[in-house]
Amino acid sequence: MTKTGRIFTLLLRLLASGATLAATIIMVTSHDSAEVLNLTFEAKYSNESTFKYFVIAEAVASGYSLIVLFISSKSLLRHLVMILDVVITTLLSSSVSAALAIAHVGKKGNSHAGWLPICGQVHKFCNQVTGALIAGFIAAIIYLVLLLYTLHTVYI
């Protein structure tokens, strides 16, 4: 790999690490409460298993990105890194997709199932979840670009 290619890969990994770290922090700090019919309920990411999966996947990807920064591109581990890039890209896309589905139900509800939207009552929570999903989606796109670039340089 050329010096320009290594710099590009390093830049993509740093961007991916930043995006996954931002998504994790934004989601973990998301919480809000509302009072409906004299009942107070609290909305936080840990109330929903899909959001927990999102946080864990983003944290794993963030840690992986930081670890891979210290592995040389000339190392014998480069093929393992490429395989793990595929795993991380898949993990990120599945976690963003699952969290996005739950966020959509939270925003729009589901009239067929009788689920009411909650974003009208907990605006701050929904806005933070949206920000975390945007950061997670950006991280997934960066990993996809990184993976395609790596495949291109290794096999062509």
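## Arg-13 and its partner

Arg-13 is buried in this predicted model, with a relative accessible area of 6%. Its partner is Asp-85: the two side chains form a salt bridge, with N to O at 2.7 Å. Asp-85 sits in helix H3 and Arg-13 in helix H1, so the pair links parts that are 72 residues apart in sequence. Asp-85 has 0% relative accessibility, so it counts as buried too, given the cut-off of under 20%. Search the whole structure and you get 1 salt bridge. As background, side chains of opposite charge can pair when their charged atoms come close.

## Helix H1

H1 has 26 residues, and its first and last C-alpha atoms are 37 Å apart, close to the 38 Å expected at 1.5 Å a residue. Besides Arg-13, its buried residues include Gly-5, Thr-9, Leu-12, Ala-16, Thr-20 and Met-27. The buried residues of H1 pack against H2, H3 and H4.

## Helix H3

H3 covers residues 78-108, which makes 31 residues. At 1.5 Å a residue it should span 45 Å, and its end C-alpha atoms are 44 Å apart, so the two agree. Among its buried residues are Val-81, Asp-85, Ile-88, Leu-92, Val-96, Ala-99 and Ala-103. Their cover includes helix H1 (3-28), helix H2 (49-68) and helix H4 (123-155). An α-helix has 3.6 residues a turn, so residues three or four places apart point the same way. Just after H3, Gly-109 adopts a positive phi of about 75°.

## The nonpolar cores

Which residues touch the most other members of the largest nonpolar core? Out of 19 residues, they are Met-27, Phe-51, Phe-54, Val-122, Phe-125, Val-129 and Leu-133. H1, H2, H3 and H4 each put in at least two residues, and H4 gives the most, with 6 residues.

Note on methods
Residues numbered from 1 in each chain as written. Predicted model: local features only at pLDDT ≥ 70, side-chain atom pairs only at ≥ 80, totals over all residues. Heavy atoms only, no water. Helix = DSSP H or I, 4+ residues; strand = E, 2+ residues; numbered from the N terminus. Expected span 1.5 Å × (residues − 1). Buried < 20%, exposed > 50% of the residue type's maximum accessible area, 1.4 Å probe, protein only. Contact = heavy atoms within 4.5 Å. Salt bridge = Lys/Arg side-chain N within 4 Å of Asp/Glu carboxyl O. Core = buried A, V, L, I, M, F, W, Y, C linked by side-chain atoms within 4.5 Å.
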